[in-house]
Amino acid sequence: MSIIQVENLVKSYTTYKRGSGFGDSVKSFFKREKVDVHAVKDISFEIEEGCICGILGPNGAGKSTTIKMLCGALYPTAGKIDVMGYSPAKDRVKYVKRIGAVFGQKSQLIWDIPPIDSFAMNQAIYDIPDDIYEKRLKEMVELFDIEEVIHKPTRVLSLGERMKCEFVMAMLHKPEIVFLDEPTIGLDVIAKTKIREFISEMNRQGTTFILTTHDLEDVEQLAHRVIIINHGEKVFDNTLESLKSTLGNKKIITLTLAEPYKGETLGGVEVIRGDNAHKVSLEIDLDKQGIKEFLDNLSETVSFLDISIKELPMDMIITRIYNEA
Amino acid sequence: MKHLKLYRICLRTAFSQALAYRADFVMGSLITLLSNILFPLVTVLIYANGATFPGWNMWEVLLVQSVYSMSTGLASMVLSSIVWVTMDHIRGGSFETVLLKPISPLFFIMATNCDVQSISLFAGGVVMAVISACHTGVAGIGAIGSFLLLFVAGFMVLCGMDLIMAAISFKWVGNSRIPEIFDSISNFGKYPLSIFPQAVRVFAVMVIPVAMIGFFPASALLGRLDPKAYLSIIPCALFMCFGIWLYNKMILLYEGVGG
Amino acid sequence: MKKLLHMWRECKAVAFVTYKEWSAYRTHSLVSVFVGPVYFIVQYFIWSAVYGGEGTLAGMEFSQTIRYFGASALIGYLTMDFADWNLQMLVRTGKFLTFTMRPIHHRFFALSQKFGHRVLGFFFEFLPCFLIFIFLFRIDIRPVSTGWTLLSVAMAFLMNFYVNYCLGMTAFFLVKSSGVRVMYQLFAQIFSGALIPLNFFPDVVQKIMLFLPFQYTNYIPAMVWTGSESIGSMGLNVPEAVVLQAVALGLMMLFSEALYRCAIKRFTAVGA
């Protein structure tokens, strides 16, 4: 059953151009030049209940505008959004009670006091009964292992500790959908892992997550579904597996050569990258030739000391999709 | 009921927040207090040089100005954060964190950002008002009653101003000087209204009723209030309503309803 | 000579960049164009009530007092800066380090920035208000002696800068310097003469003020602007006042230099 339905979503707005020199400043003081921005052009998708959906796209692609509309913070210019039967912007107050949001770069905790006090404030705002609040808090605090952290002033916490508290803050009221915007930005590996585990656990308990990020590891480890937005349009929408095979069945082969590389084709395949004179990478399309066939061909034509065969890395796939659009 | 409980929790939070920087808090309060004492200095100097505001003695003028301090002190404690917080959110592009709360954005910002430090401004105003009133005398219990009534009306004017300023900051992004505009206009409420020409008086009573911030309530205490002043409670209430309407309108615009 | 030429070019470049940078906020100056005249109107009514029929108060005639307030506001637009805020921010965030690695003295850099910033202030604050005072309010706000006024305002410009720069330098010595700065601003508000001409203060206070920087940033230049023949309790004439201002500025520059050396020593010893 789909929990989010988006049909022909459009968002455009007008801003004003600003000049720089003295002449411009005088001119624009009186008359400003209008610029129309079409942030989201025509996007439709549905998201199933209980899944983790990654929304990807380069900077300025229209991702965060889409998220803001899904959260109810922005009205769409045209199109329809239906989340759990609500129209987010119209039914905002009722709607936001059932969702949560974590913005990696916009803290919702109060800077000078311990997170526990911010939590208590949220309890009042979301009207959470005491017993449920206690239970929920205990559960999440244990999951994150932050019993002590929540009693220290927020300003002395490390970024990782703070992000964990942001998650607790956003999920105390047991939201059915949680929007995450760059939740792991700037975190170290351990904190990232911890947060990903938390998201997976909450997802197992039934929470739907919508995740925007530039960290592809987040996507690879968490997302079931991936939607890619570029220039305000949806350019990809399918499962993570199909994203991986979207460019065909390809492998990256890295060779360490016995002789310096001189620019020839190797085993009939173009070299895509040369790290140094002896180390080069090739990309082969398995739909065109089998791996055995290729290796036979290769070992006949070149002598190499080492070889590794890998999947096409995620960033390469994403880069190509971004560039294609 | 829910709002009241929430406001109490938020106040407690605000206090613990202020106490997190004790030294700063004390220092800040001291400075506010000092500037409070120094603001009527001009009046004192004028009288010390043998001049007067015609028809008013020094303590009467000081009473007007201390009531003004009380009003603005109270307003900056509970209201002025609306301006700064809105401004910061708009500039930082984080206003949606406010919209994500299942509660009126206006109430949320007001409740979660009480400026405890301004209590010293209010307290300073009270002390000065008491001292001045000791010299001028108070015209009976009824005078205190009508003072309170008019004081509340003055507070509504300040409320309206703060809301209009915050509303402006949606459009005039990042302009931290917006409050200066209203500070300058409020100046007309710091002095006996009689020194201004007719046009200014009409403005200060009917359009943006700044006379209600200091002058009218103090006049009530002194027993020299023109009964017509009660009528200008109406524009005060209207002014506040306008502020609320404008602020909410701006939120709608921010969400992109019309634009 | 070559060095001077180089400095001129540096100053111009920095000032120009600052000008462009702040141009983005030029609509903020509109606030001044509103606020300045409104304050002026308030002052006008206050003082016309206070003067009533009286000829002079504290040695000043009504028309002179009015021109004084106009001049004082205009001087504010020409000389204000926030070098103090800027420097303490650089020190606190550690960004000052990047300046110790550049072949330019930070004070000179900051002064050049102020030039650029004030050129903007000249066009978007000073000029509109000046014209409003003259054409709308019909107040003859033109300086009595242009030469002396220019000199005096130029020195007020520098005085304000050196004082603020010193205030900013307190950040090298104190963890939180905001208290010192707010305190200074509080006193400056009263004793610079922006609120009320210093003539209204008791003699003793006026004597003490001779030895403090406040009055040289606003009161003296405003009095010079109005062409007062007897400035303050000392009854100085215009040239005397300007000379006094020059002496005060010289002392302030020396003090600033001494403080800077101290601060740099501390900065390099302690690190960012």
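Domain bounds come from an automatic or database domain assignment. The model is predicted: local features need pLDDT of at least 70 and side-chain atom pairs count only at pLDDT 80 or more, while totals for chains, interfaces and linings use all residues. Residues are numbered from 1 along each chain as its sequence is written, and chains are lettered from A and ligands numbered from 1 in the order in which they are written.

**Figure 1. The two domains of chain A.** Chain A is divided into domain 1 (49-78 + 85-239) and domain 2 (250-324). Their centres, taken over C-alpha atoms, are 40 Å apart. Eight residues of domain 1 are in contact with five residues of domain 2 (contact: C-beta atoms, placed from the backbone, within 7 Å). On the domain 1 side, helix 8 (216-222), strand 8 (225-230) and strand 9 (233-239) of chain A each give two or more residues (helices, H or I, of at least four residues and strands, E, of at least two are DSSP runs, numbered from the N terminus). This side has six nonpolar residues, one polar and one charged (Ala, Val, Leu, Ile, Met, Phe, Trp, Tyr, Cys and Pro count as nonpolar, Asp, Glu, Lys and Arg as charged, and the others, Gly among them, as polar).

**Figure 2. The six-stranded sheet of chain A.** The sheet is open, with strand order 5-6-7-3-8-9 and mixed pairing (two strands pair if DSSP finds at least two bridges between them). Strand 5 (99-103) and strand 9 are the edge strands, each pairing on one side only. Strand 5 and strand 6 (residues 177-181) of chain A are parallel over five bridges, and A:A101 stands opposite A:F179 in strand 6. Helix 6 (residues 159-171) of chain A lies across both of these strands, at about 160° to strand 5 (axes are lines fitted to C-alpha atoms, for helices over the stretch in contact, and angles run from 0 to 180 degrees between N-to-C directions).

**Figure 3. Surroundings of A:F179.** Leaving aside neighbours within four places in sequence, A:F179 is in contact with A:I67, A:L70, A:C71, A:I99, A:A101 and A:I210.

**Figure 4. The contact between chain A and chain B.** Chain A gives 30 residues to the contact and chain B 22. Elements giving two or more residues on the chain A side include strand 1 (2-17), helix 2 (63-71) and helix 4 (115-126). Helix 4 of chain A supplies the largest share of that side, six residues. The chain A side divides into 18 nonpolar, four polar and eight charged residues.

Definitions and conventions:
Two residues are in contact if their C-beta atoms, placed from the backbone, lie within 7 Å.
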